[in-house]
Amino acid sequence: MSYQQHFSMGSGSRPARRNFEFGRTCVVRPQGKHQATIVWLHGLGDNGSSCSQLLENLPLPNIKWICPTAPTRPVALLGGFPCTAWFDVGEISEESPDDWEGLDASAAHIANLLSTEPADVKIAIGGFSMGAATALYSATCAAFGRYGNGNAYPINLRAVVGLSGWLPGSRSLRTKVEGSHEAARRAASLPIFICHGTSDDVVPYNYGEKSAQCLNTAGFRNLTFKSYEG
């Protein structure tokens, strides 16, 4: 059964909004002074618990890590097999249609997790693979000041990290940023770090490289791209 068939019909002919049930969120508390909070997003089929177990061993005592779990949904890439996924994807390709509703729902869930952090704490989003794609999508929402559905983006995002991912919505990004002075200003000031392994056989290296180039061309000037052998 395809993902799109999980729409239920509302009044009239318009499909009702999908209901996304996010899984368990794990939190790694800072061991030192709480200076930053990072939401870290897992890859396709993973969960927040496995991420938190890795992050709690990093020598970063002043960071609080929030590790949510994506909804379990049928994924077209897997032939409709249900697993944890931040959005639906048919293929990891620049030509693949974007699941805007799924992306917006995940970006809103992430922003909501960060919305109650203390005002003096810097907030950031990072992720791996599909989690990186969702983090980079959140970066574009922060620049536009709104989600793809037009709702206001509510938080002051201070940094974004993407490991072995790609950029959803890359085809229209530059036009959207150039159409707004505020979006261009926010894009230019948001620090983004992207890295990718040169031999990645799941998300090809050139997708990460092209994503960084696309963001930079669209006006995200404070961007670092780093490649790793293997």
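The model is predicted. Helix 2 (residues 100-114) is largely enclosed by the rest of the structure, because 11 of its 15 residues are buried. Strand 8, helix 6 and strand 9 form a right-handed β-α-β unit. The structure holds 0 disulfides.

**Helix 2**

- Helix 2 runs over residues 100-114 and has 15 residues.
- From its first C-alpha to its last, helix 2 reaches 21 Å, close to the 21 Å expected at 1.5 Å a residue.
- Among the buried residues of helix 2 are Gly 102, Leu 103, Asp 104, Ala 105, Ser 106 and Ala 107.
- The buried residues of this helix also include His 109, Ile 110, Ala 111, Leu 113 and Leu 114.
- Strand 2 (36-41), strand 3 (63-67), strand 4 (72-75) and strand 6 (122-128) are packed against by the buried residues of helix 2, and so is helix 3 (130-144).

- Ala 119 sits in the loop between helix 2 and strand 6.
- With a relative accessible area of 88%, Ala 119 is exposed.

**Strands 8 and 9**

- Strand 8 (residues 192-197) pairs with strand 9 (residues 223-228) in the parallel sense, over 6 bridges.
- Within this pairing, Ile 194 of strand 8 stands opposite Phe 225 in strand 9.
- Helix 6 (residues 205-217) is the helix of the right-handed β-α-β unit that includes strand 8 and strand 9.
- In a regular strand, side chains alternate between the two faces of the sheet.

**Thr 69**

- Thr 69 belongs to the loop between strand 3 and strand 4.
- Its relative accessible area is 8%, so Thr 69 counts as buried.
- The side chain of Thr 69 reaches the backbone oxygen of Arg 24 at 2.7 Å.
- A polar atom of the Thr 69 side chain also lies 2.9 Å from the backbone nitrogen of Gly 48.
- Leaving aside neighbours within four places in sequence, Thr 69 is in contact with Phe 22, Gly 23, Arg 24, His 42, Asn 47, Gly 48, Thr 84 and Trp 86.

**Ala 184**

- Ala 184 is placed in helix 5 (residues 181-189).
- A relative accessible area of 33% makes Ala 184 partly exposed.
- Apart from neighbours within four places in sequence, Ala 184 is in contact with Val 177 and Gly 219.
- Ala 184 and Gly 197 are 13 residues apart in sequence, and their C-alpha atoms are 29 Å apart in space.

**Cysteines**

- The number of disulfides in the structure is 0.
- Cys 195 is in no disulfide, and the nearest cysteine sulfur, that of Cys 51, is 14 Å away.
- Cys 195 counts as buried, at 9% relative accessibility.
- For Cys 214, the closest cysteine sulfur is in Cys 141 at 14 Å, which is too far for a bond, because a disulfide needs the two sulfur atoms within 2.5 Å.
- Cys 214 has 18% relative accessibility and also counts as buried, because buried means under 20%.

Technical notes. Residues are numbered from 1 along each chain as its sequence is written. This is a predicted model: local features need pLDDT of at least 70, side-chain atom pairs count only at pLDDT 80 or more; totals for chains, interfaces and linings use all residues. Side-chain values use heavy atoms; hydrogens and water are left out. Two strands pair if DSSP finds at least two bridges between them. Helices (H or I, at least four residues) and strands (E, at least two) are DSSP runs, numbered from the N terminus. A crossover is right-handed if, with the strands pointing away from the viewer, the path from the first strand over the helix to the second runs clockwise. The expected span of a helix is 1.5 Å times one less than its number of residues. Buried means under 20% relative accessible area, exposed over 50%, partly exposed in between (1.4 Å probe, protein chains only). Contact means heavy atoms within 4.5 Å. A polar contact is a pair of N or O atoms within 3.5 Å; within protein, one must be able to donate a hydrogen and the other to accept it, and residues adjacent in sequence count only if both atoms are side-chain atoms.
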